[in-house]
Amino acid sequence: MEMIKRDFVVLILILSTTMLMAQKSSEYGEKVLYNLPVSLSYMGDYLGTKPGLNITFENSLKKTYLTKKNSKIVEKTLYNPINLGWYNHKGYNSALILSSGIGLRKTRQSGFITGIQVDLGLMRTFIHGTTYNVEENGEVSTVAGGYFYGNIAFSLEAGWDFSKANEELPLSTFVRLKPLVQFPYNGGSLIHIMAELGLRTSLPFQKEINEYHKSKN
Amino acid sequence: MNITNQKTKVMKTQILGLFILTIIFLSSCSKDEALISSDANDLFAVRSNGNDMLVKVVGNTESKVIILFVHGGPGEGSWIFEKNIEQLKTHYAIALWDQGNSGSTQGNNSGVFTVERYLDDLGKVVKVLKTRYDDGFKFYLMGHSCGGGFSAAYLAEANNQDDFQGFINIDGAHKLKSVKDYQLIELKKRADIEIAKGNTDPIWQEALDFCESHNEITTIADFSALSLLCGDATAKIDSVNLFTLIDPTTFFGNYSFFSYLSNWSSLWAKEDYLKEIFWETDYSDKLSQITIPTVAIWGGFDVNCSKQLMGEDYINLVGSSDKTLVICEHSGHYPFVTEPVEFTNAVVFFIERTK
């Protein structure tokens, strides 16, 4: 439990830092209103074979438009994701995963997306079937099976932003490989290899963020 | 607060609420399946010593016979046995229990690692199993390798054996502290035989070199290396049927293979616990207290747990008047893997005779 408490404090610190970054203004950028990106994805453990779902709200922090020598523009977005996920591993357990962290995404003019994301959070597992407890006096009772754990995840993303070809279509699709470490797990830690396939769009809730324009001459 | 902000907040709450409700609905779909079936698949857990230990009852519960399997290792999990009991499952139900800090067993603490804890856990599993299957079921205890030793120790305590019709000991180690010494003896003996036969596989020279450079095993690292070498050498014996333990179903099946790996690595890092088992524990004195019928099923070429030094010694010491040693002639340490038909026949013969 000490480890979970410590990691929870670290999570709060990360969130606080990203929030502070969001409030910081810069003389090199301009304030622009952006809609709130949200993604819904199939997220399965064991490379996607154990089914699950994930919803992510992205608190955009900064956007940079980089004009390259060939005049093509690359859009870089720094964001603070808030993820709520779930997986079901039949015969083992299911789990709710709440996490947050920091992500960086590059969107090319063609629409091709790459990104990385690091998250830290908490998860609660649920044992399939009844969990029994045997009391000191030998009486058998039932309890809520499963435990709370900490988790840390690192994701690699590739995808396609359809809005680059059609501004009327604010939609992108992505695949994501997400190794997630659950801890402490019986004195060690447990790795999950998550695979995600999802859609991302924007909700009509606007937020002011810093936007930068740079060019490579 | 303006109207846009209020709308935003309401919509966010609705989306989150919908998501959580979906999860709750999907999770609630997992219920205890029918207990009585010719092909049961009942999953439950027993909480003990900070772990939720999964128990899966598979096979023919209509037979009203349940075999509780106590895996070896320590920390091996029940998955190897589960992959090789297709025939046995048609006859009886098998309760596959993953011990504490083993297999798919889950917990968020650093764990308790003592032999006493494992015997305590076994007692709780027996209690829950008999509570869940209380309608005229007959129970057998089956232990493999060090699980055979733990099972024997459990049966010898108090009135524990009253819960069982019989005990099936598969290549079990009641004299756990002698396992490493017996492995050295068996490995050297087998290497001498194979080299004398003209077998040029380099593993036999490696085995001889290891035995000559280790008169005594004093560290966990050497013991692990020795056990691994014994396993590898067994697979090179012509008379032992070919076997594979790991295939794609191991990884992508229902069993959590990563949980097994995690538990295995953290358990095998507990030197004090391993030293307690393999340097201090010997249940030889307790075997005379076991009086229920027992069958010992042994691989004829078991290098890890000697048929002669451990199997025959078990049969000599156990107190039962109804006791048999069955040798699987084409097997090493895993007769249920290498000779599933012969293994099943031996178990069925024993249970039909004693149930």
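Me: Where does A:F154 lie?
Reply: A:F154 sits in strand β8 of chain A. Keep in mind that this is a predicted model.

Me: Is A:F154 buried, partly exposed or exposed?
Reply: Partly exposed, because its relative accessible area is 39%, and buried would need under 20%, exposed over 50%.

Me: What patch does A:F154 belong to?
Reply: A nonpolar one on the surface. Its members are A:L47, A:L104, A:I116, A:V118, A:I152, A:F154, A:L156, A:L177 and B:F252. Together they have about 740 Å² of accessible area.

Me: Which elements give two or more residues to the nonpolar patch?
Reply: β5 (112-127) and β8 (148-161), both of chain A. β8(A) gives the most, with three residues.

Me: Switching to sheets. What is the strand order in the open sheet of 10 strands?
Reply: β7(A)-β6(A)-β1(B)-β2(B)-β4(B)-β3(B)-β5(B)-β6(B)-β7(B)-β8(B), with mixed pairing.

Me: Which are the edge strands?
Reply: β7 (140-143) of chain A and β8 (323-328) of chain B. Each pairs on one side only. On average, neighbouring strands of this sheet are turned by 25° against each other, direction ignored.

Me: How many bridges join β6 of chain A to β1 of chain B?
Reply: Three. A:T131 stands opposite B:A45 in β1(B).

Me: What does helix α4 of chain B lie across?
Reply: Strands from both chains: β6 and β7 of chain A, plus β1, β2, β3, β4 and β5 of chain B. The helix covers residues 115-132 and runs at about 135° to β1(B).

How values were computed:
Residues numbered from 1 in each chain as written. Chains lettered and ligands numbered in written order. Predicted model: local features only at pLDDT ≥ 70, side-chain atom pairs only at ≥ 80, totals over all residues. Heavy atoms only, no water. Patch = residues over 30% accessible without salt bridge, like charges linked within 9 Å, V, L, I, M, F, W, Y side chains within 5 Å. Areas by Shrake-Rupley, 256 points an atom, 1.4 Å probe, with all protein chains shown as cover. Salt bridge = Lys/Arg side-chain N within 4 Å of Asp/Glu carboxyl O. Helix = DSSP H or I, 4+ residues; strand = E, 2+ residues; numbered from the N terminus. Buried < 20%, exposed > 50% of the residue type's maximum accessible area, 1.4 Å probe, protein only. Pairing = 2+ DSSP bridges. Axes fitted to C-alpha atoms, helices over the stretch in contact; angles between N-to-C directions. Contact = heavy atoms within 4.5 Å.
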